[in-house]
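Please look over the sequence and the structure shown here before reading the notes that follow.

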Amino acid sequence: MAYEKIALIGIGNIMFHDEGLGAYLVKYIEENYEVHPKLTIVEGGTLGFTLMTYYQEYDKVIIVGTGSKVGPVGTISSENSEQVMANESATRKTANEVEITMMIEICSFHEEMGEVQLITMVPHDIIDVKNAMTPEALVCMPKLVEETLNELKNSGIILTRKNVDEVSFTSIIEAYANPKIADFTDMSKFV
């Protein structure tokens, strides 16, 4: 199927180790791949229900984050909204999973919802407070990138790698852990 507007949303709290892997993933894609006119990339972090407008205004929404599926660290699962709702009890184990299933329910009542695909990866640690990723989960991130790029390809979007040196996950995580005012856009309009 051809989609005119696709949103790729990375969710998770970067303050809790691997919980932030969705945010890191979308930043990695932004830094290493060319912009596509039909794709909007969103670092959704912990925005929760404020992301609902994407469900309603886009033809397809791809959400990437941690999941609580059974399996070793790095196990990747990809489910559409029907599959998520059919396995509700297995999907509602973390705050993000609860919010996602609730947003799917609410939007489906109004019949104003694009297709939703949830891609999750089993983390190593989402409890400890640390702005980083565990080595166990970090080593699995290339597989998550590949799964996400495949889902985009299946949706009609093929991303082209930028003609520059790769920005590594380690660099991205370091930038999140140590933000600098120079990393942000022109702040003069806020003064």
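T120 counts as buried, because its relative accessibility is 6% and buried means under 20% relative accessible area, exposed over 50% and partly exposed in between, with a 1.4 Å probe and protein chains only. The model is a predicted one, in which local features need pLDDT of at least 70 and side-chain atom pairs count only at pLDDT 80 or more, while totals for chains, interfaces and linings use all residues. Residues are numbered from 1 along each chain as its sequence is written, and side-chain values use heavy atoms, with hydrogens and water left out.

**T120 and its surroundings**

- T120 lies in strand β5, where helices (H or I, at least four residues) and strands (E, at least two) are DSSP runs numbered from the N terminus.
- If neighbours within four places in sequence are left aside, T120 is in contact with G65, T66, G67, T75, I76 and S77, contact meaning heavy atoms within 4.5 Å.

**The protein as a whole**

- The protein has eight helices and five strands, and along the sequence they follow the pattern β-α-β-α-β-β-α-α-α-β-α-α-α.
- Of its 191 residues, 45% count as buried.
- Among contacts between residues at least 6 apart in sequence, 81% join residues at least 24 apart.

**Helix α1 and what covers it**

- Helix α1 has twelve residues and reaches 16 Å from its first C-alpha to its last, which is close to the 16 Å expected at 1.5 Å a residue; the expected span is 1.5 Å times one less than the number of residues.
- Nine of the twelve residues of α1 are buried, so that the helix is mostly covered, and the buried ones are L21, G22, A23, Y24, L25, V26, Y28, I29 and N32.
- The cover over these buried residues includes strands β1, β2, β3 and β5 as well as helices α7 and α8.

**How α1 packs against α7**

- The axes of α1 (residues 21-32) and α7 (residues 141-154) come within 11 Å and cross at roughly 65°; axes are lines fitted to C-alpha atoms, for helices over the stretch in contact, and angles run from 0 to 180 degrees between N-to-C directions.
- The two helices α1 and α7 are therefore roughly perpendicular to each other, since angles of 65 to 115 degrees count as roughly perpendicular, under 35 as roughly parallel, over 145 as roughly antiparallel and the rest as oblique.
- L21, L25, Y28 and I29 in α1 meet M141, L144, V145, T148 and L149 in α7.
- By class, this contact of α1 with α7 has eight nonpolar, one polar and no charged residues.

**How α1 packs against α8**

- Helices α1 and α8 pack at an angle of about 115°, and their axes are 10 Å apart.
- A23, Y24, L25, K27, Y28 and E31 in α1 meet F169, I172, I173 and Y176 in α8.

**Two loop residues**

- V167 is found in the loop between α7 and α8, and at 23% relative accessibility it counts as partly exposed.
- The C-alpha atoms of V167 and Y28 are separated by 7.0 Å, although these residues are 139 residues apart along the chain.
- H17 sits in the loop between β1 and α1, and its phi is near 45°, a positive value in a residue other than glycine.
- Most residues other than glycine have a negative phi.
- H17 counts as buried, because its relative accessibility is 11%.

Terms used:
Ala, Val, Leu, Ile, Met, Phe, Trp, Tyr, Cys and Pro count as nonpolar, Asp, Glu, Lys and Arg as charged, and the others, Gly among them, as polar.
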